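Subject: A structure to look through

Dear colleague,

I am passing on a structure that I would like you to look through with care. Please open it first, and then read the notes below beside it.

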Amino acid sequence: MRNLIFILLLSGFYALGQDKALNENIELLKNKIANSENTLKLKWLDSLTVLVEFDEALKYDSIARQTIYYALELDALHVAANNTSKLIHYHNNILGNSVEGQKIFENFLNTIESVNSNTIKARFYLYGADCYAGLVDFNTALQYYNKAKELAVKANNQPLIGSIALKTGGIYMETGDAVDASKHIQDAIRVFTKEQDTFNLINAKSDISILYSQNAFYEEAKKERDEAIVLSNRFKGETAVSLLYYNAAADYRLIDNQKKRISNLRLALANNNSEFKRFYEPFFLCDLTIALAENDSLEKAEHYFNKIKNDPETYAEGIQKEMYIEVLKQMALGKGKYKEAINYGEQHLALKRQHEGYVEIMNAEKFLSDVYKKVNDSWRYEKHLINYYKIKDSISKVQNVKSLTYYQTLYETEKRDLKIKAQESDCLLYTSPSP
């Protein structure tokens with residue numbers, strides 16, 4: 001025990017030492033910035049921006065903007081574009097503020113075309129497309145992902161091509177186009193495997209597992225997810241692991257295994273320890289609250305619900321709004337407040353219909369059918385139940401299942417060949433978990 005305390009104390013002093021060194025470097029760069037001009041000043045500004053990158057406490061946002069403005073004054077477009085792309089990524093993908101990310105993106109659109117680097121432009125359009133995806137404007141997101149792909153191909157930037165393919169596949173998955181989603185995600189997997197990019201390979205395998213789940217290939221989905229969890233644990237990817245557990249919970253919801261659904265949501269929260277914690281926690285916490293409320297664990301749900309409703313800025317604004325309303329409707333139903341449940345349920349369904357997320361629309365229709373049944377409104381109960389089954393049946397259409405099965409077969413064949421090559425080169429990218 002004394003040794004453990006000593007180790008903890010050492011780690012504490014080490015962290016303090018790191019903070020001190022960081023602060024000293026920041027002050028040194030600020031002095032250099034204050035005492036220099038033109039390209040030298042821009043060099044120090046750019047270095048400072050890298051030093052405080054994505055750190056809200058160190059005022060990354062304001063420093064990045066200062067760097068961008070000064071770079072534009074000097075017509076240093078590459079520096080301005082690189083920092084603008086990072087700032088878009090920061091607001092959209094880290095803070096979850098897609099509106100601000102979109103604003104930054106659109107303000108720079110006229111400038112980006114003057115940049116002569118296809119890689120820089122591709123990354124800019126990729127992050128811009130991410131903002132529209134976050135705002136559930138899928139058509140615009142696809143336009144910019146396609147633009148990003150054209151530029152990445154011109155630059156022959158394989159990692160970017162893989163990332164764009166993965167994001168594009170995610171959009172098709174959201175809109176219910178399983179075949180195009182499968183094609184793009186498999187393209188991404190091929191790129192990441194060839195590049196030995198384990199981090200993005202984990203993300204791609206996570207997405208293909210979600211796609212399989214949405215189309216009722218639960219066994220295949222679990223296999224992909226288990227492989228991704230093994231890779232994540234080796235890679236020490238906390239974000240990837242937490243998202244994999246989160247996706248597993250979604251699967252267990254679909255097959256009505258509520259115990260495993262809740263346990264995986266708890267695992268998602270427990271493993272949410274990366275720099276993206278702030279972005280993902282509202283999703284994990286809201287979904288856990290919903291799951292508990294649906295399963296008559298109102299006392300436990302109330303514990304999390306109090307945290308959610310007392311912090312509306314985090315849990316009820318922007319892209320979190322839909323999930324917040326879902327929490328409200330499930331809590332109202334759990335407490336027997338059927339009028340409130342119907343009100344929130346209708347709001348939730350209207351939002352889901354706007355965004356065309358077919359699985360989520362299906363779940364929203366089922367919720368309303370259940371509530372109207374409880375209040376003996378047979379006409380509305382039957383209407384929403386019919387809508388629910390229409391969507392449910394469409395998911396299982398023979399053409400979609402056959403097409404997805406075909407592409408799954410192609411993927412499994414190629415993966416087998418890659419596994420053989422990997423074993424020959426002692427590469428462990430596709431090592432399956434032990435039974």
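A residue is called buried when its relative accessible area is under 20%, exposed when that area is over 50%, and partly exposed in between, as worked out with a 1.4 Å probe on protein chains only. Ser209 is buried under this definition, because its relative accessible area is 0%.

Before going further, please keep in mind that this is a predicted model, in which local features need pLDDT of at least 70 and side-chain atom pairs count only at pLDDT 80 or more, while totals for chains, interfaces and linings use all residues. Residues are numbered from 1 along each chain as its sequence is written, and side-chain values use heavy atoms, with hydrogens and water left out.

The chain as a whole

The secondary structure consists of 21 helices and zero strands, where helices (H or I, at least four residues) and strands (E, at least two) are DSSP runs numbered from the N terminus. Of the 435 residues in the chain, 48% are buried. A contact here means heavy atoms within 4.5 Å, and among the contacts in the chain with a separation of 6 or more, 59% are between residues 24 or more positions apart.

Ser209 sits in helix α10 (residues 198-214), and, leaving aside residues up to four places away in sequence, it touches Ala221, Glu224 and Arg225. Ser209 and Asp251 are 42 residues apart in sequence, yet their C-alpha atoms are 9.4 Å apart in space.

Leu151, which belongs to helix α7, is also buried, since its relative accessible area is 7%. Its partners, again not counting residues up to four places away in sequence, are Asn118, Lys121, Ala122 and Tyr125. The C-alpha atoms of Leu151 and Arg123 are separated by 8.9 Å, although the two residues are 28 residues apart along the chain.

The expected span of a helix is 1.5 Å times one less than its number of residues. For α3, with 14 residues, this gives 20 Å, and the end C-alpha atoms are 20 Å apart, so the two values agree. The buried residues of α3 are Tyr60, Ile63, Ala64, Thr67, Ile68, Tyr70 and Ala71, and the elements that cover them include α2 (38-51) and α4. After α3 comes Asp75, whose phi is positive, near 60 degrees.

For α5 (residues 98-112), the 15 residues should span 21 Å, and the end C-alpha atoms are 20 Å apart, which agrees.

Where α15 meets α17

The axes of helix α15 (residues 298-309) and helix α17 (residues 321-334) come within 11 Å and cross at roughly 145 degrees; such axes are lines fitted to C-alpha atoms, for helices over the stretch in contact, and angles run from 0 to 180 degrees between N-to-C directions. On the α15 side, Leu298, Ala301, Glu302, Phe305, Ile308 and Lys309 take part, and they meet Tyr324, Val327, Leu328, Met331 and Gly334 in α17. The residues of this contact divide into eight nonpolar, one polar and two charged, where Ala, Val, Leu, Ile, Met, Phe, Trp, Tyr, Cys and Pro count as nonpolar, Asp, Glu, Lys and Arg as charged, and the others, Gly among them, as polar.

Thr289, in helix α14 (residues 277-294), counts as buried because its relative accessibility is 0%. Not counting residues up to four places away in sequence, Thr289 touches Ala301, Tyr304, Phe305, Ile308, Val327 and Met331.

Two loop residues

Most residues other than glycine have a negative phi. Asn156, in the loop between α7 and α8 (158-174), has a positive phi near 55 degrees, and it counts as exposed because its relative accessibility is 54%. Gln196, in the loop between α9 (178-195) and α10, has a positive phi of about 55 degrees, and Gln196 is exposed, with a relative accessible area of 55%.

With kind regards
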